[in-house]
Amino acid sequence: MGNTAETVLFWVFAIPLMASAAGVLAARSPVHAAMSLVSAFFWLAGIYVLLTAHLLAFVQIIVYAGAIMVLFLFVVMLLSLTDAELGLEKITALKVVGIVASAGILGLLVTAVLQGAPSGARPVPADFGTVRAVGKILFTQYLLPIEATSVLLLVAIVGAVVVAKEKI
Amino acid sequence: MVPTTHFLGLAAFLFAIGFAGVLVKKNAIIVFMCIELMLNAANLTFLAFARQQATMSGHAIAFFVIAVAAAEAAVGLAIVMAVFRSRATVAVDEVEVLRDA
């Protein structure tokens, strides 16, 4: 694929991604925020494909846009917040400080990226980012971390049940 | 290929949006969504550098980040539900038992 086509695709994915991320920030209702976030996850998966991370792109859609967002929507449904509970987002001085702080973070990060601009990318092997390649590295070099992750998920399951259940 | 700087800049933007949400939003559920956005920005950075260096380690780390995000969402939302049950609110500035004076 040519360089121009890749750049066009990058912006095709990046602009809606930035818009949906901003939508999460702008939304008042949690359901609207969740929908914006699902859309952001889908566009981000497209960006991952551009980075030759095919497995991660699919994991992004299945785990994030599928499982995690369903969890979020379930909680929104269970809480069934009324408009009064949602309340109006008041603009306080502290919030203005928060916005200024995050703009500062953005400026800092962009400056850092521009100053340490990495040189061109190396060519990648044909199986880069495929299930086989990622699986191989996960079960050789990263064997202990992936076993630790399984324990972490078990702890999270038990913890979620213990915290959320009224009576055990 | 698209320059790595583009991807890093995009990740910086996503992180800043998530950071602003964590600081500004009142609803705990939306605060969690913004944390997910920040984790995704970190993932994007890992994958951008993995592509640039042509090493697969970034993919493994991104995989772990997704697993940790899933665990965090499960436990965090359970806490939100427990808080809602005991004080009928999910506003982060109304849960202030531990606040000093």
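**How the parts pack**

Guide: Let us begin with chain A, which is divided into domain 1 (3-129) and domain 2 (130-168); such bounds come from an automatic or database domain assignment. This is a predicted model, in which local features need pLDDT of at least 70 and side-chain atom pairs count only at pLDDT 80 or more, while totals for chains, interfaces and linings use all residues. Residues are numbered from 1 along each chain as its sequence is written, and chains are lettered from A and ligands numbered from 1 in the order in which they are written.

Taken over C-alpha atoms, the centres of domain 1 and domain 2 of chain A are separated by 23 Å. Five residues of domain 1 are in contact with five residues of domain 2, where contact means that the C-beta atoms, placed from the backbone, lie within 7 Å.

Now for the meeting of the two chains. Here 62 residues of chain B are in contact with 70 residues of chain A. On the chain B side, helix H1 (4-24), helix H2 (28-53) and helix H3 (57-87) each supply at least two residues; helices are DSSP runs (H or I, at least four residues), numbered from the N terminus. H3(B) gives the largest share of that side, 22 residues. Sorted by class, the side has 47 nonpolar, 11 polar and four charged residues. In this sorting, Ala, Val, Leu, Ile, Met, Phe, Trp, Tyr, Cys and Pro count as nonpolar, Asp, Glu, Lys and Arg as charged, and the others, Gly among them, as polar.

Both chains also have a helix pair worth a look. Two packed helices are described by the angle between their axes and the distance between the axes. The axes are lines fitted to C-alpha atoms, for helices over the stretch in contact, with angles from 0 to 180 degrees between N-to-C directions. In chain A, the axes of helix H2 (residues 30-50) and helix H3 (residues 54-79) come within 8 Å and cross at roughly 175°. H2(A) and H3(A) are therefore roughly antiparallel to each other, a label for angles over 145 degrees. Their contact has 20 nonpolar, two polar and no charged residues. In chain B, H2(B) and H3(B) pack at about 175°, with axes 9 Å apart, so H2(B) is roughly antiparallel to H3(B). That contact divides into 16 nonpolar, five polar and one charged residue.

Ala54(B) sits in the loop between H2 and H3 of chain B. Ala54(B) has a positive phi of about 55° although it is not a glycine. Most residues other than glycine have a negative phi. Because Ala54(B) has 13 C-beta neighbours inside 10 Å, it counts as partly exposed; 20 or more would be buried, and 12 or fewer exposed.

Finally, the core. A nonpolar core is a set of buried Ala, Val, Leu, Ile, Met, Phe, Trp, Tyr and Cys residues joined through C-beta atoms within 7 Å. The largest one has 77 residues, and Val24(A) and Leu47(B) are among those with the most contacts inside it. This core draws at least three residues from each domain of chain A. Leu47(B) shows both chains meeting: leaving out residues up to four places away in sequence, Leu47(B) touches Tyr48(A), Leu51(A), Ala53(A), Leu56(A), Gly58(B), His59(B) and Ala62(B).

Terms used
Two residues are in contact if their C-beta atoms, placed from the backbone, lie within 7 Å. Angles under 35 degrees count as roughly parallel, over 145 as roughly antiparallel, 65 to 115 as roughly perpendicular and the rest as oblique.
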